[in-house]
Amino acid sequence: MRSSSCGVIVKGAPVEEDAADDPEDDPDVDPAAGAAAAGGRARARGRVTGSRDAGGGEEPGGLAAQLREALEAIEARDEFLAIAAHELRSPLNALGLQLAVLERQAAISGVPQLQAQVARARRNVDRYIRRASALLDVSRLASGQLQPERRPVALRDVVQLVLDAYQDEAQLRGVAIDAHIDGNPAGLWDERMVEEMLSNLVSNALRYGAGSPVRIGAGESPGGMAWFEVADNGPGIPEAEREFVFGKFSRAVSHSRDRGGFGLGLWIVAGMAEALEGSIALRTPVEGGAVFVVTLPTEPRLPTEEKHRS
């Protein structure tokens, strides 16, 4: 499945933005999000102070004031994302528990159609809970605080999970989606991060692939590496936009009619790949379409302490 033609290769993505303002003081906000925000805020203020002190005073034309306003806007945005993630997860978790009870009752009823419908609703709620959690990842990525929780992960299991999650959307869009896995690729990764990366790539392919089939592939590479990819035969990505495709708030296909989302999907994928010491590549086959390939080492290569120092 892997194409020989190459496009843009990125080792993660630049992490320049700063995080929220004091969410750690709010008891309702995830502590990890608060820590991420504090780190981002400190660096942001350090940069503003540096720009002011280096020249011995305010920069001409109120540039320093504009920088402060921009940083404050970034902090407010990331604080909103952290709070929104918490507020979304709470009712969704409650709904998930209720659906778990209904799922058991449906199993007792012995009605296959009811069981299938409740199971589908449960999967969708679980998917939205994971999406809400991904909002926290935006703040953690922006502040460099995203740390993987490594455990053995089989790509085959993750691919099946994502296939199940997007089967309904694919049917609604009239898109065929399938997967092919070579061997049994596995590694010490953060399973939620791997699932989030693959989900974002599949979501983009369904949204921007112009109804073409979506193909998921995974396998092993020499040197203790594993890979997974998502391909479509859509209009592809214009050459002028490929350099920026993994940037924050960048859309994979700017001319698409589907304008949903924030343009964070590929930026999150690149950041998570970097957190797992991997990379993401965009391949542009001569016959058209786009292929996004994530490559990960099957075991961590840098000690945790060295990662923090770097």
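Let me start with two helices: α4 and α5 pack at an angle of about 30°, and their axes lie 10 Å apart. The axes are lines fitted to C-alpha atoms, for helices over the stretch in contact, with angles running from 0 to 180 degrees between N-to-C directions. Helices here (H or I, at least four residues) and strands (E, at least two) are DSSP runs, numbered from the N terminus. α4 and α5 are therefore roughly parallel to each other; that label covers angles under 35 degrees, with over 145 roughly antiparallel, 65 to 115 roughly perpendicular and the rest oblique.

Before going on, a note on the source: this is a predicted model, in which local features need pLDDT of at least 70 and side-chain atom pairs count only at pLDDT 80 or more, while totals for chains, interfaces and linings use all residues. Residues are numbered from 1 along each chain as its sequence is written, and side-chain values use heavy atoms, with hydrogens and water left out.

Back to the pair. Which residues of α4 meet α5? Among them are Leu-155, Val-158, Val-159, Leu-161 and Val-162 in α4, and the α5 side includes Val-194, Leu-198, Val-202 and Leu-206. Contact means heavy atoms within 4.5 Å.

Two arginines of α5 are worth a look. Arg-192 lies in this helix, which spans residues 191-208, and counts as partly exposed at 28% relative accessibility. Buried means under 20% relative accessible area, exposed over 50%, and partly exposed in between (1.4 Å probe, protein chains only). The C-alpha atom of Arg-192 is 8.8 Å from that of Glu-149, 43 residues away along the chain. Arg-207 is also in α5, and with a relative accessible area of 24% Arg-207 is partly exposed. Its C-alpha atom lies 9.8 Å from that of Gly-234, at a sequence separation of 27 residues.

The largest nonpolar core has 48 residues, and Met-197 and Phe-228 have the most contacts inside it. Such a core is a set of buried Ala, Val, Leu, Ile, Met, Phe, Trp, Tyr and Cys residues joined through side-chain atoms within 4.5 Å. Elements that each supply at least two residues of this core include α4, α5, α7 and strands β5 to β8. Leaving out residues up to four places away in sequence, Met-197 touches Phe-228, Val-269, Met-272, Ala-273, Leu-276, Val-294 and Leu-296. In soluble globular proteins, nonpolar side chains tend to be buried together.

How much of α7 is buried? Nine of its 11 residues are, so α7 is largely enclosed by the rest of the structure. Trp-267, Val-269 and Met-272 are among those buried.

Most residues other than glycine have a negative phi. Glu-277, in the loop between α7 and β7, has a positive phi near 65°, and is buried, with a relative accessible area of 13%. Ala-210, in the loop between α5 and β5, has a positive phi of about 55°. Is Ala-210 buried or exposed? At 65% relative accessibility, Ala-210 counts as exposed.

Last, the totals. The protein has eight helices and eight strands, and of its 310 residues 46% count as buried. Among contacts between residues at least 6 apart in sequence, 73% join residues at least 24 apart.
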